[in-house]
Amino acid sequence: MEFQQPQNHQNVETGVVPPQMNHGGHEMFDVHEVLSGAINTMNTYTMLSEHVQDPELRDILQRQKQFMADEYNITLECFKTGQDPAKPTQSYKMKQGNDFTYGMQPTGQPQKPMQSATELNDETIALSMLNAVKSVAPVKTSAAMEATNPVVRRVLADSLPNCIEMAYEISLYQNKHGYYQVPQLSQQDMQQMQSGYAPAPVQPQMPGSNPAH
């Protein structure tokens with residue numbers, strides 16, 4: 001990604017704002033939540049890693065955790081300096097395919113809370129991973145919308161697709177192993193809902209007019 005280098009901003013009370021202080025108050029609290037949430041997610045992965053049985057799930061956990069650590073370091077660096085990080089942001093690449101199996105199959109016993117840590121299994125671990133990844137996504141979204149520092153804002157915005165990709169990878173793993181079933185509406189109901197919308201009319205742009213920003 002390309003960053004926009006912060007300009008010299010002014011504080012009406014203190015004058016020129018140095019790059020490392022180029023953060024609004026709301027941004028400071030939001031990024032604090034992002035960083036602490038990232039630590040919590042990585043801690044969750046670390047605690048779960050010793051209990052994973054399936055090599056495929058262990059590979060997902062290890063790859064995602066390493067990517068999270070790099071992304072955390074990048075976010076922390078630009079938050080502290082207010083400037084471009086030394087390492088550019090990356091896009092997370094999952095190994096799973098994109099094919100979901102739809103429909104509901106009878107399951108065994110109904111789900112209920114564990115009564116002992118010995119009940120921890122790959123199904124519970126995958127769900128915990130998914131919930132941890134999903135929990136930080138809205139925090140990053142809110143922070144990106146409130147950030148005043150252009151570099152921090154862009155780093156946060158770039159991290160959102162990675163959260164989505166990681167959650168999608170875990171859900172695909174869950175679906176493949178029967179942990180996450182996906183019901184569907186009837187074909188008639190789906191077609192009726194799809195036909196309930198029509199394209200919006202778009203006015204052709206007049207020659208010489210400036211595009212909207």
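1. In this predicted model, R63 and D59 lie four residues apart in helix α2, and so about one helical turn separates them. The two residues form a salt bridge, in which the closest N and O atoms are 2.8 Å apart. Side chains of opposite charge can pair when their charged atoms come close. The structure holds six salt bridges.

2. Helix α2 spans residues 55-81 and packs with helix α4, residues 150-176. Two packed helices are described by the angle between their axes and the distance between the axes. For α2 and α4 the angle is about 170° and the axes are 11 Å apart. An angle over 145 degrees counts as roughly antiparallel, and α2 and α4 are therefore roughly antiparallel to each other.

3. On the α2 side, the residues making this contact include L57, I60, R63, F67, M68 and I74. On the α4 side, V151, V155, L156, M166, I170 and Y173 are among them. By class, the contact of α2 with α4 has 14 nonpolar, four polar and five charged residues.

4. The largest pocket has a volume of about 650 Å³. Its lining consists of 23 residues, and Q111, E123, T124, L127 and Y179 lie nearest the centre of the pocket.

5. Which helix gives the most to the lining of the largest pocket? That helix is α3, with five residues. Helices α3 (122-146) and α4 each supply at least two lining residues. The lining divides into nine nonpolar, ten polar and four charged residues.

Note on methods
Residues numbered from 1 in each chain as written. Predicted model: local features only at pLDDT ≥ 70, side-chain atom pairs only at ≥ 80, totals over all residues. Heavy atoms only, no water. Axes fitted to C-alpha atoms, helices over the stretch in contact; angles between N-to-C directions. Parallel < 35°, antiparallel > 145°, perpendicular 65-115°, else oblique. Contact = heavy atoms within 4.5 Å. Nonpolar A, V, L, I, M, F, W, Y, C, P; charged D, E, K, R; others polar. 1 Å grid on protein atoms, 1.4 Å probe; cavity = no way out; pocket = protein on both sides within 12 Å on 5 of 7 lines; lining within 4 Å. Points joined across faces, edges and corners; volume = space filled by probe spheres on them. Salt bridge = Lys/Arg side-chain N within 4 Å of Asp/Glu carboxyl O.
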